[in-house]
Amino acid sequence: QVQLVESGGGLVQAGGSLRLSCAASGRTFSSCAVGWFRQAPGKERVFVAAISWSGGNKYYADSVKGRFTISRDNAKNTVYLQMNSLKPEDTAVYFCAADLVNSPLMVPTTTNSYDYWGQGTQVTVSS
């Protein structure tokens with residue numbers, strides 16, 4: 001079992017930055033790929049970024065490429081999402097998710113690939 005808790009959300013002006021954290025408990029976290037997803041009101045949950053359990057592979061949605069950076073510290077059981085140059089369209093609830101994978105390089109990008117989810121943290125970007 002893996003439990004995930006997101007933090008770091010808040011209200012920020014367009015062009016600003018936030019860093020989200022996803023803290024995990026459970027001995028298998030270091031064998032999990034971790035993804036960030038977001039869900040705006042009335043819309044589906046969509047992929048934002050993901051990182052392999054080794055940290056060696058990362059993948060980003062086109063909409064955030066060049067602005068967001070995902071990283072992880074397995075010693076702290078934490079994954080981060082650094083969000084820069086935020087735009088109003090980035091406003092959403094952000095969720096982290098963990099997927100037990102067999103390969104240190106796998107980077108799943110679909111919601112149904114992930115086994116464990118956090119409760120989400122709200123990010124609001126004002127124009």
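## Close-up views of a predicted model

View 1. At 21% relative accessibility, N77 counts as partly exposed, because buried residues have to fall under 20%. Everything shown here comes from a predicted model, so please read each distance and angle as a computed value. N77 is found in the loop between β7 (68–73) and β8 (78–83). What is the phi of N77? About 50°, a positive value, although N77 is not a glycine. That is worth a second look, because most residues other than glycine have a negative phi.

View 2. The loop between β8 and β9 holds S85. Phi of S85 is near 50°, again positive in a residue other than glycine. Is S85 buried, partly exposed or exposed? With a relative accessibility of 41%, S85 counts as partly exposed.

**View 3. The disulfide of C22 and C96.** A search of the whole structure turns up one disulfide. This disulfide joins C22 to C96, with an S to S distance of 2.1 Å. In general terms, such a link is a covalent bond between the sulfur atoms of two cysteines. The torsion about the S-S bond is 65°, and the link of C22 and C96 is right-handed. Which parts of the sequence does the pair tie together? C22 lies in strand β3 (residues 18–25) and C96 in strand β9 (residues 92–100), so the link ties together parts that are 74 residues apart in sequence. C22 counts as buried at 0% relative accessibility, and C96 counts as buried at 0% as well.

**View 4. C32, a cysteine in no disulfide.** C32 takes part in no disulfide. How far from C32 is the nearest cysteine sulfur? That sulfur belongs to C22 and is 10 Å away; a disulfide would need the two sulfur atoms within 2.5 Å. C32 has a relative accessibility of 0% and so counts as buried.

View 5. Look for E6 in strand β1 (residues 3–7). E6 is buried, yet has no salt bridge. Which side chain of opposite charge is nearest to E6? It is R45, 7.3 Å away, whereas a salt bridge needs a nitrogen and a carboxyl oxygen within 4 Å. The side chain of E6 does have backbone nitrogens beside a polar atom: that of C96 lies 2.8 Å away, and that of G120 lies 2.9 Å away.

**View 6. R67 and its polar contacts.** R67 sits in the loop between β6 and β7. With 11% relative accessibility, R67 counts as buried. Where does the side chain of R67 reach? It reaches the backbone oxygen of S63 at 2.9 Å. The side chain of R67 also makes a polar contact with the side chain of D90, at 2.8 Å.

**View 7. The aromatic pair of F47 and Y59.** The structure holds five aromatic pairs. In one of them, the rings of F47 and Y59 have their centres 6.0 Å apart and their planes at 35°, so the pair is tilted. The pair links distant parts of the chain, with F47 in strand β5 (residues 46–51) and Y59 in strand β6 (residues 58–60), twelve residues apart. F47 is buried, with a relative accessible area of 15%, whereas Y59 is partly exposed, with 45%.

View 8. Y114 and W117 form an aromatic pair, 6.2 Å from centre to centre. Their planes are 65° apart, and the pair is edge-to-face. Y114 counts as buried at 6% relative accessibility, while W117 is partly exposed at 28%. Which residues do ring pairs link into a cluster? F37, F47, Y59, Y114 and W117.

**View 9. Arginines over aromatic rings.** Two rings are shown here, those of W117 and F29. The charged end of R45 sits over the ring of W117, 4.9 Å from the ring centre. Over the ring of F29 sits the charged end of R72, 5.0 Å from the ring centre. The R45 seen here is also the nearest side chain of opposite charge to E6, and W117 is also a member of the ring cluster.

Conventions. Residues are numbered from 1 along each chain as its sequence is written. This is a predicted model: local features need pLDDT of at least 70, side-chain atom pairs count only at pLDDT 80 or more; totals for chains, interfaces and linings use all residues. Side-chain values use heavy atoms; hydrogens and water are left out. Rings of Phe, Tyr and Trp (its six-membered ring) pair if their centres lie within 6.5 Å; planes under 30 degrees apart count as stacked, over 60 as edge-to-face and the rest as tilted. Helices (H or I, at least four residues) and strands (E, at least two) are DSSP runs, numbered from the N terminus. Buried means under 20% relative accessible area, exposed over 50%, partly exposed in between (1.4 Å probe, protein chains only). A charge sits over a ring if NZ of Lys or CZ of Arg is within 6 Å of the ring centre and within 35 degrees of the ring normal. Lys and Arg count as positive and Asp and Glu as negative; His and the chain ends are not counted. A polar contact is a pair of N or O atoms within 3.5 Å; within protein, one must be able to donate a hydrogen and the other to accept it, and residues adjacent in sequence count only if both atoms are side-chain atoms.
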